[in-house]
Amino acid sequence: MEKKEKIGVYVCHCGTNIAGVVNVGEVSTWAAENLKDQGVVIARDYKFMCSSLGQELIQKDIKELGLTRVVVAACSPHLHEATFRNACKGADLNPYLCELVSIREQSSWVHTDKVAATEKAKALISGGVSRVVHHEALEPLHVPIHPATLVVGGGIAGIQAAIEIADAGFQVYLVEREPSIGGHMAQFDKTFTTLDCSACILTPKMVQAGNHPNITLLTYSEVEKVDGYVGNFVVSIRKRARSVNEKDCTGCGICWEKCPKKVVDNVYEVGMGTRKAVYVPFPQAVPKYPVIDRENCTYYIKGTCKACEKFCPTNAINFAQEDEILNIEVGNVILATGYDAFDAHRITQYGYGRLANVFTSLEFERLSNAAGPTGGNIVMRDGKTTPKVVGIVHCVGSRDKNYNEYCSAICCMQSLKFAHLVHERTGAEVYNFYIDIRTPAKGYEEFYHRLLEEGTHFVRGKVAEISDAVRLPGEEGKLIIQVEDTLTGNQLRVPVDMAILSAGLEPRADAKEVAKKFGISCSADGWLIERHPKLDPVSTVTEGIYIAGCVQGPKDIPASVVQGAAAAARILGKIQQKEVLLEPVRASVNQDQCSGCRICNNVCPFNAILFHEDTMVSEVNPALCQGCGTCVAACPAGAISGTGFSNLQILSQIDGLLMLNIPRKEAVV
Amino acid sequence: MSKPKFAMYWAASCGGCEIAVLNTNEKILDVDANFEVVFWPVAMDAKYKDVEAMEDGSILLTLFNGGIRNDENEHIAKLLRKKSKILVAFGSCACEGCIPGLANFSPSRDITDTAFSTISTDNPDNVRPQTHYMMPEGEITIPTIYPVLRTLEQVVDVDYYMPGCPPESHQIAAVIDLIIQVLQGKAELPPKGATIGAGNSTVCDECKRKRNVKLIKEFGRIQLMHADPDLCLLEQGIPCNGPATRSGCNARCPSAGAQCIGCYGPAEGVQDYGSRLIAAFASVIDSEKPDEIDKILDGLVDPAGQFYRFNLAGSMLRAGKSAKVSGD
Amino acid sequence: MSDKPETKQFEPTIIGFTCNWCSYRAADMAGTARMKYAPNVRLIRLMCSGRLDPMFVFKAFAGGADAVLISGCHPGDCHYINQNYKAMRRFQLMKRVLAQLGIEPARLKLLWASAAEGAIFASEITKFVEEVRALGPLNFNATGFENQPKVEHKEVPA
Amino acid sequence: MKEYAYFPGCSLEKMAVSYHQSTLETTKKLGIKLKELEDWNCCGATTYFYIDELLAYTLCARNLAIAEKTGLDVVAPCSACYKNMFFTAAHLKTDADLAEHVNFALEEDNLQYNGGVNVKHLIEVFAHDLTPEEIKSKVTHPLEGVRVAPYYGCQIVRPQKGKEDVEQPQFFEGILEAIGATPVNYPLKMRCCGGSLIISSRTAALTMVRNLLKSAVDSQAQVIATACPMCQVNLEVYQQQVNLEFGTDFNFPVMYFTQLIGLAFGIPPKKLGIGKEFVAVLPSLVPAGKK
């Protein structure tokens, strides 16, 4: 050490939170005496360091004593690191020269032995002092922001986000895998509690997104590759061949009228209805251009037919069309790729797929939808019989260790909505089998009460089995729902005509791949992880990548819209700033020491490490680096160093924690 | 004007370093031409007493090879330190412990047992060496062995480090040239503490093999694998220490088809050689399942030997627990 | 350690490495919930368990720690996608090296704790302290050379 | 050639001798060698585990120890035997203390169990160890048009092995399809037959048997296939009791699955133990001309 640092140590009482257990006076006197050799010139204790008076105390010392480093022993850095860094900044000391030592969460609150807690506090401070000596003055990184935004997923969350950004005057690319935007919401009949017609409220938004001058709609398209970093992403998008020239097509519909090939629609109609080989998924589709499904089109299978081409008034059919790869530049990305419905086949005892009149929630949505295969008639699988008794099973695939442990959040309300629709349209008797009723939003509990008044039966119990094995009189031809009513303790056999499985929500089957593509992470369940579950719910650990809607976790339409708008607002804020400041905690490669062994190359999940074939050295792109430090540890040549978490800092902290920095006087045995 | 004085000493080492010096061929004559050799037990007769009688700092250059294994080694290390202006830790043993340092895995008791009471030793009465023994002529002594071997810098202040087991002869020749140039005022000495006679990066820098991104599914021993002659050995699952090892040898082993075993010691700025390799190898194992990882690691038959063959005494831990703790 | 009275039970010193996102927050959570655990562990905050350099572990042992705790996000939940797997692999390899060095591999523990698992973090620490207490002191003194026999230097006969 | 250690269990010696015969005949045809355990003992049945758990484990462990010496997987045709042995093997693997106690007792018999035995139910051999093609290749008289209710009973899949579906398994159906029969959708295929309740709580057990028979009739099955002597007895022998109790008129054939396979393989009915039932076997299955 050439220059001796001047360090100030500040020990906080936090009222009695710390002082009640840790002898703060003793700790500060100890630090002043024993850490002198490390450069401690002043050690103080104070009632509340985070108060403005406490902060001023530090600032005064920085100015008067010429402190070059500050150690605050108080609460967790997650609470007040920013506070004390700012205090230092206010006194013209680089904020990164301040170290916060947690003696509250890590000592006074978790230990009862006062002596041990005080000793531990000393060790923690000693570690902090040893570490802070090697801190460097850092400046945040400035990165310019491209004003365009990519929104992946054209469900309600993605549509909302796209419109918000486009309305503010910035370019948006909205990418959707299916031929039309709209997402799951387009499949629904009514939305719960208000019982608005889903199409009625969604269609105007879809049209708005479709016509917006600032929105480039890329349907039937998927993101192939993402390069770059916040402010400067380069994204490759595969625009799959529609076999229809968009600039010629008017969406008149003659092609699908004339197409002779009927195909069971497993996506939009969940197998309940059919479409043609050339089709738009539903009448209000946006964009209006159809798609030829090459797997089922007779021309692509047998080489003849071309009925659509013959009848197309504008010659828009183009069988030779090929996939296109578009490369776009964007500054930020919103992932709103939504969810998959739980596959009810997996719960074999509920008989879905085996027992005809067991329906899933999405099937029921189509059944009750006026534009659906039955024209909105709620009938049994034979297509004509109206059920007299309907059982609705909650929590199918949710809150169940065998499938998904989490609550899917929407099933209770969805089930209540189904119960209402069945009751209203068929007059049938309705049973709801639930574990708990969860109605945690405005107007939801009221809706539940409305259902209670309508005479819906509520049975609290997890359904054991749905079976067609009749035993008792009156059960003939029915489905028997076997359940324990846990409120009365009785086993019930409820004969019904129709059972609806209120299936939970699951992450998209390819959620992990998508996360990897965009350099963010999934929880063990498969939902994408937000930066902070409470305080930063729409951004992710990767700067510039935001998430909205069910991709982050199960939620209903209002919550999805909120997240879409929130993500948009976050991005607009960034675009307005024109550049983004990044935490300077970054890794860098010493080019002289790197000999290009390439061990670090795929250690980085953010693709921040680049290998230069010509010079045979690797380099870290500071804008892509998230500062985890894994490559620093992995580099066999010690050529990668980490700002803010260098080897020297950590090794010195270990020395400090083990009190090896304190000159041993007579203590040596 | 008298010639500057030169000394060379071997402590716990094999003698390979001196052979490497002689392998500089005619360059050795330059040493003689420019220096007065005052002490070099392997090459000439000299007494410790003569050295003790010298003035402090009177030897210009001392090349010290070997680790500090016993009290005699320590005594001479301290003596030569006092008498020399420039003390060079010469060769891997002096720099980082090298092969003699591997004894640090075991307590010294086990080491003497191995030497005096194994099946191949003809020692029916289990005679053990005594440090002091009375003979009719008087008491004789032999050096006392220490529990662990230390590197030179762990005992005395060292000016320069010259790695290698042994240092490559062309590197020794270059260092001799440099010092002669310094003597003639044509060059300057490197800063104190520098490593001389070696490169600053790693063996990979000098290795001609083609390198790709690494994902290792299996480690294996080189003699059991059919290694691609042009491809990075580590990529092929052969535990090559090149990525962490200091350059300077012209990647001799990898060029000859064998993996680097690390004799040139840690690259510049590396604090614990083995740690670097542990972290690096583990980072590029291509599995996220503990059982599978264990299976892959089984391919590294002797990890501590792999990572600390030359560096144990100079590493952060310096020795195994039994050698360290049982200081009886 | 030497600054503790001999008569009391052995109090191990443990250095713990936490990641900024999960296990350090688990420690915060344990604190906020006032859960009590043994005071023997001193934590260091890394950004990620992937930052864990084996050197840090060896340094801690060499410096007198009786045990080392490595903690991070649960597999699959890493804040940095999958860096904790690298920590896991290093941990598995380190254990093998430690065993060869005669250091009981049980002195090195890997603990996955999410930010919500304060209770697990606290109880695992207490458990670990007991395990290390049973192992006894490591007494690994690599910084000094106190164990070397004192040799009085005589003139060495030539 | 596949080879297994065979643990017939007490029932197959007398009451279920037809299961024993048909097992040996069909496996022989398939080239499977069943090596009966030497000096095997009772598995402890249902009751012993409630009387003295440790002794019951020891009883099962003795059979396992004998099986271990053969180095083969042990096969039990009876579901209860299978369940007891399977659980014992599993517990001994995880509970070192129990293993020590049990081995202490086994020492008296110069036996030792080291946890190396894989326990299988006979039906697993047909369902998992053999491919449907292997079974099909031996079929000479496919049971075409015969509607069979596959009755698993409650014990076969109760110790869940791996990822197999325990709620609606399909492997029994697979075997029946391989011999040309038509497995019906039998909703109560996993329900209990009443087991030994027939002795302790007769009405409850008879109700269970009644439900199983009714469901088989409703499923338009012609015969119930079983894989356990206890199930067979309850379903077949107690039909008259059910009729008396509930005023029904069941006369429903119940057969061991091995008997059905044997018929499809063209094995003479007598060799399969057919002719000893309480409810006569379908005439169509044993047409005149076959002995």
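A salt bridge is here taken as a side-chain nitrogen of Lys or Arg within 4 Å of a carboxyl oxygen of Asp or Glu. In this predicted model, that rule finds 4 salt bridges across the interface of chain C and chain B, one of which joins C:Arg96 to B:Asp294, with 2.8 Å between the closest N and O atoms. Across the interface of chain C and chain B there are also 17 residue pairs in polar contact, both residues being at pLDDT 80 or more. On the side of chain C that touches chain B, α2 and α3 each supply at least two residues, and α3(C) gives the most, with 11 residues. The residues of this side comprise 21 nonpolar, 11 polar and 10 charged. In total, 42 residues of chain C contact 51 residues of chain B, and the area buried between these chains is about 4,000 Å², with 63% given by carbon and sulfur atoms.

The contact of chain C with chain A takes 48 residues from chain C and 54 residues from chain A, and buries about 4,300 Å², of which 60% comes from carbon and sulfur atoms. Of the area that chain C buries against chain A, C:Arg42, C:Arg51 and C:Ile81 supply 16%, more than any other three residues. Across this interface the rule finds 2 salt bridges, including that between the side chains of A:Glu81 and C:Arg45 (2.8 Å, N to O), together with 18 residue pairs in polar contact. The elements of chain C that each supply at least two residues to the side touching chain A are β1, α1, β2, α2 and α3, with α1(C) giving the most, 7 residues. This side divides into 24 nonpolar, 12 polar and 12 charged residues.

Terms used:
Residues numbered from 1 in each chain as written. Chains lettered and ligands numbered in written order. Predicted model: local features only at pLDDT ≥ 70, side-chain atom pairs only at ≥ 80, totals over all residues. Heavy atoms only, no water. Contact = heavy atoms within 4.5 Å. Buried area = accessible area lost by both parts, 1.4 Å probe. Polar contact = N/O pair within 3.5 Å; in protein donor to acceptor, adjacent residues only side chain to side chain. Helix = DSSP H or I, 4+ residues; strand = E, 2+ residues; numbered from the N terminus. Nonpolar A, V, L, I, M, F, W, Y, C, P; charged D, E, K, R; others polar.
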